[in-house]
Number of protein chains: 2
Amino acid sequence: MMTLINGLQTEHIRVFDRGLLYGDGVFRTMLVKAGRLLCWQRHYEKLRGDCAAIGIECPSREILTEEISEAIKETPDCVLKAIVTRGEGQRGYAVQQGAMPTRILIASPIPQYPSSHYSEGIRLHLCKTRLALQPSLAGIKHLNRLENILARQEWSDPEITEGLMLDMKGNVIEGTMSNLFLLQGDTLYTPDLGDCGVAGMQRARIMEMAGRLGMAVKVEKLALARVYAADEMVLCNSVIGAWQVRELAEKIWSTGGLAMRLRSFLDDDGY
Amino acid sequence: MMTLINGLQTEHIRVFDRGLLYGDGVFRTMLVKAGRLLCWQRHYEKLRGDCAAIGIECPSREILTEEISEAIKETPDCVLKAIVTRGEGQRGYAVQQGAMPTRILIASPIPQYPSSHYSEGIRLHLCKTRLALQPSLAGIKHLNRLENILARQEWSDPEITEGLMLDMKGNVIEGTMSNLFLLQGDTLYTPDLGDCGVAGMQRARIMEMAGRLGMAVKVEKLALARVYAADEMVLCNSVIGAWQVRELAEKIWSTGGLAMRLRSFLDDDGY
């Protein structure tokens, strides 16, 4: 475990940081394998876009690249979380001109998930906590994550791996920590995230590569009934790759091959 | 300026705190005058309720009272911010059993607002940023404050003191840092906060004391037209007390006396 804050090895941040006071920041969760940060170029573009969306000046790629090398030098295989906050300011919500963003890097061990998550798939909880509709923040991976936390508190059964979240209108949006795809015939469907949800990077990669796997991709509003009607369902994020969903409420899917096909491309295709 | 974290005088918090990682916590902003924390009993009850609403075990009143005495001992007149986060946990949204909440106290100077804010009232910006509807978090003063920050970024004109926020349905909810009341005849109206917004403590006090001022109080869904039709409009929070609204968009109110009447009661009535 190593943490760097603005390039310095420390585990402590000042309490005046707006990341703490208001959740005023964005983050990325990334995978490091054999000393190589997977998909860094894409992650940086997304980080920059998320910063811009809430008016934070993103640190340069050069400085982050250099600090990441330092953060992962002792752990060639790790999860690297990169947080950029708006930094410090005077008391209150107003943003001061010239605020200096805070760069936080946290390298931690890769979680060891049961191999059955990959071979057989996982069981989902259907969350009661709904995602609020907020187009101004939709898609952004920001530090305001209380909805995800409330949703994750809904189950403690260790046999359940992830929770499926709907929005206030009842549309299916995402897992608490993952994006989702439905396969119906030869078409992959993934929820429209224009009103809420996090537009993850593995989701973007899967959308791009689907053509090469012989599948069309459609981004739509998806009612829950569409999930139950799907031939296969898969969850994805940068740490897990892709998992097949085996069970949700009353519905049980026979083991499909979609997650495995996606993983082979996701693994090969990192840059 | 003094900061105490879990009773220790330090300005630094660990980056693994869920307050930073997810905005997983709640807070109070309170006024200390002549060494006395105003309305502490009420503030504590609200803090405890907000903690309970998201499943955080609130620190005891005794320990907070003791630590507050320490935090304000050198600044008999100050703003005291008290934050309670869920503390640290393993990576991910899941809450571990027995997590130890973090107590953060920040004593800072009382902001010096222009005296005209009290004598003549203030000018409001009508925010384009809308508050999302999220009943699970409505009313709670939690650390997920990006909506307020986006709203506050909408204006930089120093003549404008505060922004008026509507919800996604167009109902009037609050200021970016204050609650609001409309006076129409002998009735005070304040927005229903069942879907979004922060239910502040001064709002609760004003609702309680209105009867003694000869006014009825109604909590309602309020369309923007109700604001323009109001005889008077007032904003409140624990630091400012109450301010008359003088101007919003095209509307100009002649100077009313409501804020002054409310302030005389708010000042007298603290416990």
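In what sense, parallel or antiparallel, do β4(B) and β6(B) pair, and over how many bridges? In this predicted model, β4(B) and β6(B) pair in the antiparallel sense, and eight bridges connect them.

**Relation of the two chains**

**Contact between chains A and B**

- Chain A gives 42 residues to the contact, and chain B gives 42 residues.
- On the side of chain A that touches chain B, two or more residues each come from β1 (2-5), β3 (12-14), α1 (18-22), β7 (102-108) and α5 (146-152) of chain A.
- The largest share of that side of chain A, five residues, belongs to α5(A).
- Sorted by class, the side of chain A that touches chain B holds 21 nonpolar, 15 polar and six charged residues.
- Strand pairing also crosses between the chains: β3(A) and β3(B) run antiparallel and are joined by three bridges. Within β3(B), His12(B) is the residue opposite Arg14(A).

**The six-stranded sheet of chain B**

- An open sheet with antiparallel pairing is formed by six strands of chain B in the order β2-β1-β7-β6-β4-β5.
- The edges are taken by β2 (8-9) and β5 (36-37) of chain B; each has a single partner strand, so one side of each is left without a neighbour in the sheet.
- Four bridges link β1(B) and β7(B), which run antiparallel, and Ile5(B) stands opposite Ile104(B) in β7(B).
- Strand β4(B) is mostly covered, with eight of its nine residues buried.
- On the β5(B) side, β4(B) pairs in the antiparallel sense over two bridges, and Lys33(B) has Arg36(B) as its bridge partner in β5(B).
- β4(B) and β5(B) form a hairpin with two residues between them, and Ala34(B) in the turn has a positive phi of about 50°.

**Helices of chain B**

- Helix α2(B) lies across β4, β5 and β6 of chain B and runs at about 175° to β4(B).
- Helix α3(B), residues 61-72, lies across β1, β4, β5, β6 and β7 of chain B, at about 30° to β7(B).
- In helix α6(B), residues 201-209, the buried residues are Met201(B), Gln202(B), Arg203(B) and Ile206(B). The elements of chain B against which these buried residues pack are α2, β11, β12, β14 and α8.

**Nonpolar core**

- The largest nonpolar core has 166 residues; those that touch the most other members are Leu80, Leu105 and Val234 of chain A and Leu80, Leu105 and Val234 of chain B.
- Not counting residues up to four places away in sequence, Leu105(B) touches Thr3(B), Leu4(B), Glu67(B), Ile68(B), Ala71(B), Leu80(B) and Ala82(B).

**Gly87 of chain A**

- Gly87(A) is placed in the loop between β6 and β7 of chain A.
- Gly87(A) counts as buried because it has 23 C-beta neighbours inside 10 Å, the cut-off being 20 or more.
- Beyond residues up to four places away in sequence, Gly87(A) touches Asp17(A), Arg18(A), Ala99(A), Met100(A), Pro101(A) and Thr102(A).
- From C-alpha to C-alpha, Gly87(A) and Ser136(A) are 21 Å apart in space, and they are 49 residues apart in sequence.

Definitions and conventions
Residues numbered from 1 in each chain as written. Chains lettered and ligands numbered in written order. Predicted model: local features only at pLDDT ≥ 70, side-chain atom pairs only at ≥ 80, totals over all residues. Contact = placed C-beta atoms within 7 Å. Nonpolar A, V, L, I, M, F, W, Y, C, P; charged D, E, K, R; others polar. Pairing = 2+ DSSP bridges. Buried ≥ 20, exposed ≤ 12 C-beta atoms within 10 Å, placed from the backbone. Axes fitted to C-alpha atoms, helices over the stretch in contact; angles between N-to-C directions. Core = buried A, V, L, I, M, F, W, Y, C linked by C-beta atoms within 7 Å.
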